[in-house]
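Please open the structure in your viewer and keep a selection tool at hand. The tour moves from the whole chain to single residues.

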Amino acid sequence: MLQTDSEFTKTRWICTIIGLGFYLVDIVTDVGLAVKYFLVGKLVWAGLTLLFVVVGSAATQVFSYTWYRDDTRNPLVNPGGDKLISGMNRGRLIGLHVLQMGIFTRYYHLLKAGYMAVWFKSPETVEFSREVHLVLFGRATDLSMLKLFETFLESAPQLLFQMYILLGHGHKSTIQCICMVGSFINIAWAIVDFRRCLRRSLPQVREMPSGLPTFVYLLYKLLTITAHILSLSLFLVLSPYSTLGMAVVWLAGTLWAHWVRTDFCTSKGLERLYRIIVGVVLIFTFFNVKGQDTRWQMAVYYVIFAFVNLSGPLLLVLVRPEANAAEYFWPVTLLIFGGTVLGLAYLLLYYTVYHPRGRSLQADEVDGHMGQEREPDTMLRMRNFLQL
């Protein structure tokens, strides 16, 4: 018999459906909000709201198609050497991804194969059953990685932009609030789902424990990201030209990814796109781009992060004293200060107590080395993309 933690269980299958639901709600509400802005004459707001959706979706389609193509060339994934992957030829794959249906296609195949594996168990050998579940975890991890890309290209920027509209222009609507809640939930789900899928799929890395460790990790990420988004929104209220500062952070993150020579992708062009996405992620949270021990880089990042967070409210009240009387100022300021302090406290708690590698502060270190035999492409991607 398989051990429980080695199986793609019914709970994981149901969670996949829940993740699909969150993704759909996030996309549909964003598009609905863009339409509402357009109908009331806010064309710039409508365009930017829709732009985040398009950029996030387009980038994930590129990676999704490339990974499908890589799978057709991998003898371990496609031992027959045929031109089909999951029953689709190259033309059909290209068409689905041009129509922005790549992620939905992956959800369909994962749910279909997972349904047959967990709801209709057949008396195969243990070895065959293990292989089936390993393939399912590989598909789930690919999907979680794509969702993570989409989250930081669409959900996080969208939440920041809508906060700026709410705080800076006082514009509030029901669908806008639903959009912001949807983005927030999507960020939370994507982060934890990616983390758990990633560690579960790497055989040489201990699985992330469920329960309290996962909850502490979630609080660390959500509190720090939320505080940072609120602080950045105050910078935008102070001046829209604050986007230039974010562009500098993005450029620095992109150059760092280039400097450490990330090797996440199978082509140079796609690797450049990956490094650009890394720069975007680093605007919002720390990201290990090389799968190495980065405790000092993480420490420097969060020192700067805390300084930026605390500077947002202070600069706003110094440059625009009238903001002190605004209805939102003190609640947002308290959330920024509280989120920063508590988020960093949970970061320390997680990496000193609950991190699966043990009790030392080894924030982002990969165990083991690459095997001599060629591994499935999913495994290669995961080894080079170990921790968020």
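The stops below each name something to select and then say what is there.

This is a predicted model, in which local features need pLDDT of at least 70 and side-chain atom pairs count only at pLDDT 80 or more, while totals for chains, interfaces and linings use all residues. Residues are numbered from 1 along each chain as its sequence is written, and side-chain values use heavy atoms, with hydrogens and water left out.

**The whole chain**

Begin with the protein chain coloured by secondary structure, which comes to 12 helices and 0 strands, where helices (H or I, at least four residues) and strands (E, at least two) are DSSP runs numbered from the N terminus. Of its 388 residues, 50% count as buried; buried means under 20% relative accessible area, exposed over 50%, and partly exposed in between, with a 1.4 Å probe and protein chains only. Among contacts (heavy atoms within 4.5 Å) with a separation of 6 or more, 76% join residues 24 or more positions apart.

Next, colour by pLDDT, the predictor's confidence in each residue, from 0 to 100. The average for the protein chain is 81, and 79% of the residues score at least 70. Select residues 358–376, where pLDDT stays under 50 and the model has 56 contacts beyond four places in sequence, and then residues 383–387, where pLDDT also stays under 50 and there are 34 such contacts.

**The annotated spans**

The unreviewed UniProt entry places the feature "transmembrane region" at several spans, including residues 301–319 and 328–351; UniProt positions are given in the numbering used here, feature names are shortened, and annotations may be inferred rather than shown by experiment. Select residues 301–319, a span that is 100% helix and 0% strand, with its end C-alpha atoms 26 Å apart. Over residues 328–351 the chain is 96% helix and 0% strand, and the end C-alpha atoms lie 34 Å apart.

**A residue in helix 5**

Which helix holds Leu146? Select Leu146 and you will find it in helix 5, where Leu146 is buried, with a relative accessible area of 0%. Leaving aside neighbours within four places in sequence, Leu146 is in contact with Thr60, Phe63, Ser64, Trp67, Ile103 and Arg106.

**The second largest pocket**

Now select Phe52, Pro157, Leu160, Thr243 and Met246, which lie nearest the centre of the second largest pocket among its 21 lining residues. On a 1 Å grid over the protein atoms alone, a pocket is an open set of points where a 1.4 Å probe fits, with protein on both sides within 12 Å along at least five of seven lines, and lining residues have an atom within 4 Å of a point. Helix 2 (43–73), helix 5 (126–169), helix 8 and helix 9 each supply at least two residues of this lining. By class, the lining has 20 nonpolar, 1 polar and no charged residues, where Ala, Val, Leu, Ile, Met, Phe, Trp, Tyr, Cys and Pro count as nonpolar, Asp, Glu, Lys and Arg as charged, and the others, Gly among them, as polar.

**Two loop residues**

Finish with Gln100, in the loop between helix 3 (90–98) and helix 4 (102–119), which has a positive phi of about 65° although it is not a glycine. Most residues other than glycine have a negative phi. Gln100 is partly exposed, with a relative accessible area of 29%.
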